[in-house]
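Hi,

Here is the structure I promised to pass on to you.

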Amino acid sequence: AEPCVVEAAEGAHTATVIFMHGLGGTGSDWEGMCRAMRLPWVKFVLPTAARRPVALWNGTAAPSWFQVSAGALKVHSEALNAGAETSMRIYSKLRDDEECMEESTAHVLSLVQNEVDAGVPPERVVVAGYSQGAALAVNAALSAGVRLGGVAALSMFQPPRLARLAAEGGAE
């Protein structure tokens, strides 16, 4: 992953939001959002995904947390209008880009750990994201092993892995 943009807290730093961009975006795309929220006690960490060839875009390299295929996107769209049982049957046939998802999740969790090591309690750390970054945020929250302050998912694409985790009851 690329270096993070960090918007420091204006006052006493007592909470952190780690926000992941969507496919093809960068962390710096979200700097304005941080300033607009006017939360002086919050530090914002805005990582940028590594540039990878994106199958959905015919192999064009772009910042991407994990691979999204056109087939997975089509199946996701069809599952949105299906019942829960049908959706699970659809999702069970898809496989995620596990390697990149795990690599990106480990990166996010290392950012969470950096904040904890700096004295921010995990329950004061929120992971959030937009689109592909939202899916990564949810995956990281479910994989954290500690209770985080929250997770926010804006306009999330749901990879098959998350559908399976939800059906299995997710993390504790």
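Let me start with a pocket: strand E2 gives four residues to the lining of the second largest pocket, the largest share of that lining. Please keep in mind throughout that this is a predicted model.

**The second largest pocket**

The volume of this pocket is about 160 Å³. Its lining is made of 16 residues, and those nearest the centre are Val17, Leu39, Val42, Phe44 and Val126. At least two lining residues come from each of strand E2 (15-20), helix H1 (31-37), strand E3 (42-48) and strand E6 (125-130).

**The overall picture**

Stepping back, the protein contains six helices and seven strands. Their order along the sequence is β-β-α-β-β-β-α-α-α-β-α-β-α. The protein has 172 residues, and 40% of them count as buried. If you take the contacts between residues at least 6 apart in sequence, 69% of these join residues at least 24 apart.

**A buried charged pair**

Glutamate 115 sits in helix H4 (residues 98-117). Its relative accessibility is 4%, so glutamate 115 counts as buried, the cut-off being under 20%. Which side chains does the side chain of glutamate 115 meet in polar contacts? One is that of threonine 16, at 2.8 Å. Another is that of lysine 43, at 2.9 Å.

Leaving out residues up to four places away in sequence, glutamate 115 touches His13, Thr16, Lys43, Val45, Val120 and Val125.

Lysine 43 belongs to strand E3. Is lysine 43 buried or exposed? Lysine 43 is buried, because its relative accessible area of 19% falls under the 20% limit. Beyond its neighbours within four places in sequence, lysine 43 is in contact with Val6, Glu7, Ala8, Ala9, His13, Ala15, Thr16, Val17 and Glu115.

Once neighbours within four places in sequence are set aside, the contacts of leucine 46 are Cys4, Val5, Phe19, Gly27, Trp30, Glu31 and Cys34. For leucine 46 and cysteine 34, the separation is twelve residues in sequence and 9.5 Å in space, from C-alpha to C-alpha.

What does alanine 134 touch, not counting residues up to four places away in sequence? The answer is Gly129, Ala153, Leu154 and Met156. Alanine 134 and glycine 22 are 112 residues apart along the chain, yet 7.5 Å separates their C-alpha atoms.

Asparagine 139 is also in helix H5. With a relative accessibility of 0%, asparagine 139 counts as buried. Its C-alpha atom is 10.0 Å from that of glutamine 158, which is 19 residues away along the chain.

**Two serines with positive phi**

For anyone checking backbone angles, two serines deserve a mention. Serine 131 has phi near 55 degrees, a positive value in a residue other than glycine. Where is serine 131 placed? It occupies the loop between E6 and helix H5 (132-143). Its relative accessibility is 21%, so serine 131 counts as partly exposed, a class that runs between 20% and 50%.

Serine 155 likewise has a positive phi, near 50 degrees, and is a residue other than glycine. This serine is in the loop between strand E7 (150-154) and helix H6 (160-167). At 56% relative accessibility, serine 155 counts as exposed, because the value is over 50%.

Note on methods: Residues numbered from 1 in each chain as written. Predicted model: local features only at pLDDT ≥ 70, side-chain atom pairs only at ≥ 80, totals over all residues. Heavy atoms only, no water. Buried < 20%, exposed > 50% of the residue type's maximum accessible area, 1.4 Å probe, protein only. Contact = heavy atoms within 4.5 Å. Polar contact = N/O pair within 3.5 Å; in protein donor to acceptor, adjacent residues only side chain to side chain. 1 Å grid on protein atoms, 1.4 Å probe; cavity = no way out; pocket = protein on both sides within 12 Å on 5 of 7 lines; lining within 4 Å. Points joined across faces, edges and corners; volume = space filled by probe spheres on them.
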